Amino acid sequence: MEQLEYSAIQIRGILQELFPHRRLVLSQFTFFNHSGVARPTGSTFRRGRRCYRLEDLLPIACILALKEEGIPYKNVEEVPLLIQQNAERIFACGSGCRLSGCGDTVTLTFPGEETANPALLHYLEEETPLMLFWGFDVGLLAEQLRAIASRPAVGMPALLRAA
């Protein structure tokens with residue numbers, strides 16, 4: 001995948017299109033960077049700040065998607081690092097990569113792999129019936145990010161290419 005890079009203003013545009021009902025401000029990305037949710041890995045800088053690659057946006061999009069569903073951040077603190085460590089693979093696999101959780105147990109599964117799902121097991125073994133099990137297709141979210149970012153008319157300045 002070609003490594004395009006995006007400024008904070010550009011990622012706000014991409015994420016705003018993905019989450020049109022959420023009001024996104026640039027200070028949120030500063031918070032995401034300081035809290036470890038996001039980690040810009042671009043090789044270029046805009047206004048003294050490192051640019052983001054598409055893989056860097058996926059943890060932010062996951063947290064926003066979970067917030068949209070009412071999942072508290074304390075239950076998904078593991079998500080950003082898990083997504084950061086697997087972003088390239090998620091983008092390569094696409095739809096079918098599932099992120100799920102129960103309590104503070106979070107699991108990432110890939111299509112075609114027979115693996116245990118600790119989050120589902122935690123849910124099934126939990127004696128408290130009020131425990132919430134959640135899950136969504138993070139690969140589909142990655143595909144949506146790629147589709148939005150590849151549109152020429154996202155209302156953003158020209159995209160930067162990595163050196």
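**Ground rules**

What you're looking at is a predicted model, where local features need pLDDT of at least 70 and side-chain atom pairs count only at pLDDT 80 or more, while totals for chains, interfaces and linings use all residues. Residues are numbered from 1 along each chain as its sequence is written, and side-chain values use heavy atoms, with hydrogens and water left out.

**The overall layout**

The chain has 6 helices and 8 strands; here helices (H or I, at least four residues) and strands (E, at least two) are DSSP runs, numbered from the N terminus.

How much of the chain is buried? Of its 163 residues, buried ones make up 45%. "Buried" means under 20% relative accessible area, "exposed" means over 50%, and "partly exposed" is in between, using a 1.4 Å probe and protein chains only.

**The core**

Next, the inside. A nonpolar core is a set of buried Ala, Val, Leu, Ile, Met, Phe, Trp, Tyr and Cys residues joined through side-chain atoms within 4.5 Å. The largest one here has 41 residues, and those with the most contacts inside it are Leu-15, Leu-58, Val-79, Leu-99, Val-138 and Leu-145. At least two residues of this core come from each of α1, α2, α3, α4, β6 (105–109), β7 (133–137) and α6 (138–150). Which element gives the most to this core? That's α3, with 10 residues.

**A trio of rings**

Now for some aromatics. A pair of aromatic rings is described by the distance of the centres and the angle of the planes. Rings of Phe, Tyr and Trp (its six-membered ring) pair if their centres lie within 6.5 Å; planes under 30 degrees apart are stacked, over 60 edge-to-face, and the rest tilted. By this rule the count comes to 3 aromatic pairs. Phe-29 and Phe-32 are tilted because their planes sit at 55 degrees, with the ring centres 6.3 Å apart. Both lie in helix α2 (residues 26–35), 3 residues apart, which is about one turn of the helix. Phe-31 and Phe-32 form another tilted pair, 6.0 Å centre to centre with 50 degrees between the planes. Together, ring pairs link Phe-29, Phe-31 and Phe-32 into a cluster.

Phe-31, by contrast, counts as exposed at 53%.

There's a ring contact of another kind too. The charged end of Arg-89 sits over the ring of Phe-110, 3.7 Å from its centre. For that label, NZ of Lys or CZ of Arg must be within 6 Å of the ring centre and within 35 degrees of the ring normal.

**Two pockets**

Rolling a probe the size of a water molecule over the atoms shows where empty space is left. On a 1 Å grid over the protein atoms alone, a pocket is an open set of points where a 1.4 Å probe fits, with protein on both sides within 12 Å along at least five of seven lines; lining residues have an atom within 4 Å of a point. Grid points are joined across faces, edges and corners, and a volume is the space filled by probe spheres set on the points. For the classes in the table, Ala, Val, Leu, Ile, Met, Phe, Trp, Tyr, Cys and Pro are nonpolar, Asp, Glu, Lys and Arg charged, and the others, Gly among them, polar.

| Pocket | Volume | Lining by class |
|---|---|---|
| Largest pocket | about 340 Å³ | 7 nonpolar, 3 polar, 4 charged residues |
| Second largest pocket | about 180 Å³ | 4 nonpolar, 5 polar, 5 charged residues |

In the largest pocket, 14 residues form the lining, and Ser-7, Ala-8, Ile-9, Arg-46 and Arg-49 are the closest to its centre. Helix α2 gives the most to this lining, with 4 residues.

The second largest pocket is also lined by 14 residues, with Thr-41, Glu-55, Asp-56, Gln-84 and Ala-87 nearest its centre. Here α4 gives the most, with 5 residues.

**An exposed loop residue**

Finally, take a look at Arg-47, in the loop between β2 (45–46) and β3. Its phi is near 50 degrees, a positive value in a residue other than glycine. At 78% relative accessibility, Arg-47 counts as exposed.
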